[in-house]
Amino acid sequence: MTAPLLSLKNFAKSFDENQVFSGVNLDVQPGDRISILGASGSGKSTLLRCINLLETPDTGTLEIGGEIIGNPQRTGKARYRERDLRTLRQRVGMVFQQFNLFPHMTVAGNVAEGLVTVRGVAPAKARERALAELQRVGLADKADAYPSRLSGGQKQRVAIARTLAMDPEILLFDEPTSALDPALVGEVLGVIEQLAREGRTMLLVTHEIGFAYHVSTRILFLAERGIYESGTPDEILKNPKKPITQQFLAEHQRFQF
Amino acid sequence: MYEWNFAPVFSESGLLLAGFRNTLILTATALSGGLVAGLLLALARLSPKRWLSMPAGIVIEVFRTTPPLVQLFWFYFGLPIILAVEMTPFLAAALTFTIQSGAFFAEIFRAGIVSIERGQWEAASAIGMSHNQCMRRIILPQAVKRMFPSMMERSIELMKTTTLVATVSYADLLFQANEVAQKTFRPLEVFTVVALMYFFFISFVSFLAARMERRFARSGEFSL
């Protein structure tokens, strides 16, 4: 078997005295679609943010395509230079809960920004690419609008287009629908589902358990400061073996009809 | 009853206009220099490197907390003694007001920069932008919009503070007004006219600024 696309070894992270997780190991193969579930405070988002180093893990090594990112120190904590971060982030894209669009740029400007500033693509070419990505998320007609004119669902689709424009090999979604009105959740999940069908590699932190069941190849359930249980969607969501997972799912199904 | 007579003042309007021109030159110099100095000081003060942030902090505090007149005397009379440099009134005034307004602008820049949500930094880094690219492309353009009203306020303040240069014999509007007052024996009229000149000029600039603010507002994200 070839080296995994992404590999975390012995990841740990704490904030002050509070250990969020430790001893996390994870291999991601091309085409994997991994949903990360867990109660709030279980470290789902922190784990995702550690993968593209928006948070620096306390210990652990991060490999991408078999290549170690940063300089692991003897203390176990790796040192990352700005260059390491940029190498990593060119290959790992991230979509945020709060969209974080750049409000002073048009929709097309948002999507083209990384191409122009980071890749040095000519503005006309970048715009062409931006329009293609907007087409993909169904927002080509909004190219020249400012983000403040868009609905939450549209903003998130622009944010996805902005990430896709950079051709990342791995997509990270950090609760992409948690800030949305229920009526707008569907359009965003639709876009993510389409990306899943294209065979994109992705990690998704979500509370949409039904969606996770349908698109994921694997589910990680976080509890007790680490990966508590993992397996296929059927294993974890239909037949969870461990008590906290069972309790979490029961809680989620309480008000279903 | 005092009899107002503006005629002698208007016959010397050439002197006043020359002074007004000098005031504008000094203000524009100090303003453009001050904006650059202010941005550099703010970036230095926000730097994680202590050898940058500490000196910047000291310069900012010293110039914010000492009277501008003292600073001006210091540059005009003090600096030539210490460094044996030749000082003209304009040079001393330009230096003083550049650094002094730079110190105030630095605090405005800093407040604007830290007011931008962390999510903007994160989104920019997540598409691979470096710290500097992020600052230049994402943070500063938004921060400048938010800072604009305070910047305007500070610039108006600067223009009025430059009247202090009359004390080192730079022929600004107020210096010229003094000359005209002594020549015509009409100080009340002279200084009334001078006040009106400041009033109309600053009101006009404020009006333009308000229009610009409205234009910013259209591209979202700008509010007072």
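Predicted model: local features only at pLDDT ≥ 70, side-chain atom pairs only at ≥ 80, totals over all residues.
Q: What is meant by a pocket, and what volume does the largest pocket have?
A: A pocket is an open set of points on a 1 Å grid over the protein atoms alone, where a 1.4 Å probe fits and protein lies on both sides within 12 Å along at least five of seven lines. The largest pocket holds about 840 Å³ of space. Its lining has 29 residues, and A:Glu82, B:Pro48, B:Trp121, B:His131 and B:Asn132 are the closest to its centre; a lining residue has an atom within 4 Å of a point.

Q: Which elements give two or more residues to the lining of the largest pocket?
A: They are strand S7 (78–79) and helix H2 (82–91) of chain A, together with helix H2 (13–46), helix H6 (118–126) and helix H7 (131–161) of chain B. The largest share, five residues, comes from H7(B). Helices (H or I, at least four residues) and strands (E, at least two) are DSSP runs, numbered from the N terminus.

Q: What makes up the lining of the second largest pocket?
A: The lining of this pocket, which has a volume of about 340 Å³, divides into 15 nonpolar, two polar and no charged residues. H7(B) gives the most to this lining, with seven residues.

Q: How do you know which residues belong to the contact of chain B and chain A, and how many are there?
A: Contact means heavy atoms within 4.5 Å, and it takes 23 residues from chain B and 24 residues from chain A. The two chains bury about 2,000 Å² between them, 60% of it on carbon and sulfur atoms, where buried area is the accessible area (1.4 Å probe) that two parts lose on being put together, summed over both. In chain B, B:Glu122, B:Ala126 and B:Ile127 lose the most area to chain A, together 28% of what that side buries.

Q: Why is the pair of A:Arg49 and B:Glu122 called a salt bridge?
A: A salt bridge is a side-chain nitrogen of Lys or Arg within 4 Å of a carboxyl oxygen of Asp or Glu; the closest N and O atoms of A:Arg49 and B:Glu122 are 2.6 Å apart, so the pair meets the rule. Across the interface of chain B and chain A the rule finds two salt bridges.

Q: What does the salt bridge of A:Lys9 with A:Glu63 tie together?
A: The closest N and O atoms of A:Lys9 and A:Glu63 are 3.0 Å apart. Because A:Lys9 lies in strand S1 (residues 6–15) of chain A and A:Glu63 in strand S4 (residues 59–64) of chain A, the pair ties together parts that are 54 residues apart in sequence. Over all chains, the structure holds 24 salt bridges.

Key:
Residues numbered from 1 in each chain as written. Chains lettered and ligands numbered in written order. Heavy atoms only, no water. Points joined across faces, edges and corners; volume = space filled by probe spheres on them. Nonpolar A, V, L, I, M, F, W, Y, C, P; charged D, E, K, R; others polar.
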